[in-house]
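Subject: Structure handover

Hello,

My notes on what was found follow below it.

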There are 2 protein chains.
Amino acid sequence: MLSIRDALEAVEGRWKLLILYALSENPKRFKQLAREVSGITDKTLSKELKSLELNKLIRRDVYNTFPPTVEYSITPHGLSLEKVLDELHYWGLTHRREVIGK
Amino acid sequence: MLSIRDALEAVEGRWKLLILYALSENPKRFKQLAREVSGITDKTLSKELKSLELNKLIRRDVYNTFPPTVEYSITPHGLSLEKVLDELHYWGLTHRREVIGK
């Protein structure tokens, strides 16, 4: 069970997997993420991004433009969560039919 | 993203998936669960079991013995989370090597 506990701790909370899912398409800037992950506040998004970066699930790149451009992208390690996300997605669809839909 | 949000809401928190994982082997009584899901308090376990039952992920059976026996088992719907759990398990193992192990 330790492995499941580790996994849950890395992605705990309601936001991290949603953020990773949004980044799995392509790299995004803070504002884009804030729009796509609807309901998240800027403060929470900023906190979650730091935690995901610490866990090596995303990377933060600063580009040398004026003004500087900051972009977040998913790492190979974060991308390896894709199967988990896919299974969660399929299961969520079933769950809606089974429980919420009724 | 709605489906992922639904899925995350049904299993939110650090305990629900661990409880389901413990029940995926075979039905268990409260005391057994409390022992296997180490670190959980009786109060939290009881609350989480009720929420899992509401979401039709587990079933609570009362047997007509003296004293009555109560047993919790995973439903087919809960079992359908198995793939998610498997993927989380594998990913947790990788995550330990990648991030925690270093």
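One definition before the findings: Ala, Val, Leu, Ile, Met, Phe, Trp, Tyr, Cys and Pro count as nonpolar, Asp, Glu, Lys and Arg as charged, and the others, Gly among them, as polar.

This is a predicted model: local features need pLDDT of at least 70, side-chain atom pairs count only at pLDDT 80 or more, and totals for chains, interfaces and linings use all residues. Residues are numbered from 1 along each chain as its sequence is written, chains are lettered from A and ligands numbered from 1 in the order in which they are written, and side-chain values use heavy atoms, with hydrogens and water left out.

Chain A

Chain A has six helices and two strands. Both kinds of element are DSSP runs, numbered from the N terminus: helices are H or I with at least four residues, strands are E with at least two. Read from the N terminus, the order in chain A is α-α-α-α-β-β-α-α. Along the principal axes, the C-alpha atoms of chain A fill a box of roughly 55 × 30 × 25 Å.

Backbone points

Two peptide bonds deserve a look. In chain A, the bond from A:Phe66 to A:Pro67 is cis, with omega near -5 degrees. A:Pro67 sits in the loop between strand 1 and strand 2 (69-74) of chain A. In chain B, B:Phe66 and B:Pro67 are joined by a cis peptide bond, with omega about -5 degrees. B:Pro67 is in the loop between strand 1 (58-63) and strand 2 (69-74) of chain B.

A:Lys56 has a positive phi, near 60 degrees, and is a residue other than glycine. A:Lys56 belongs to the loop between helix 4 (42-54) and strand 1 of chain A.

A:Asp61

A:Asp61 is part of strand 1 (residues 58-63) of chain A. Contact here means heavy atoms within 4.5 Å. Neighbours within four places in sequence aside, A:Asp61 is in contact with A:Thr69, A:Val70, A:Glu71 and A:Ser73. The side chain of A:Asp61 also makes a polar contact with the side chain of A:Arg59, at 2.9 Å. A polar contact is a pair of N or O atoms within 3.5 Å; within protein, one must be able to donate a hydrogen and the other to accept it, and residues adjacent in sequence count only if both atoms are side-chain atoms. A:Pro27 is 34 residues from A:Asp61 along the chain, and their C-alpha atoms are separated by 9.8 Å.

The interface

How many residues of each chain are in contact across the interface of chain B and chain A? There are 42 residues of chain B in contact with 42 residues of chain A. The buried area is about 3900 Å², and carbon and sulfur atoms give 69% of it. Buried area is the accessible area (1.4 Å probe) that two parts lose on being put together, summed over both.

The rule finds two salt bridges across the interface. A salt bridge is a side-chain nitrogen of Lys or Arg within 4 Å of a carboxyl oxygen of Asp or Glu. A:Arg96 forms a salt bridge with B:Asp6, with the closest N and O atoms 2.5 Å apart.

On the side of chain B that touches chain A, helix 1 (2-10), helix 2 (16-23) and helix 6 (82-100) of chain B each give two or more residues. Helix 6 of chain B gives the most, with 15 residues. That side divides into 22 nonpolar, nine polar and 11 charged residues.

Pocket and cavity

Both terms use a 1 Å grid over the protein atoms alone. A cavity is a set of points where a 1.4 Å probe fits but cannot get out; a pocket is an open set with protein on both sides within 12 Å along at least five of seven lines; lining residues have an atom within 4 Å of a point. Grid points are joined across faces, edges and corners, and a volume is the space filled by probe spheres set on the points.

The largest pocket has a volume of about 400 Å³. Its lining has 22 residues, and A:Leu8, A:Glu12, A:Gly13, B:Val11 and B:Gly13 lie nearest its centre. The lining divides into 13 nonpolar, two polar and seven charged residues.

The structure holds one cavity of 30 Å³ or more. The largest cavity has about 40 Å³ of space. A:Arg14, A:Leu18, B:Arg5, B:Leu8 and B:Glu9 line the largest cavity. These divide into two nonpolar, no polar and three charged residues.

Best regards
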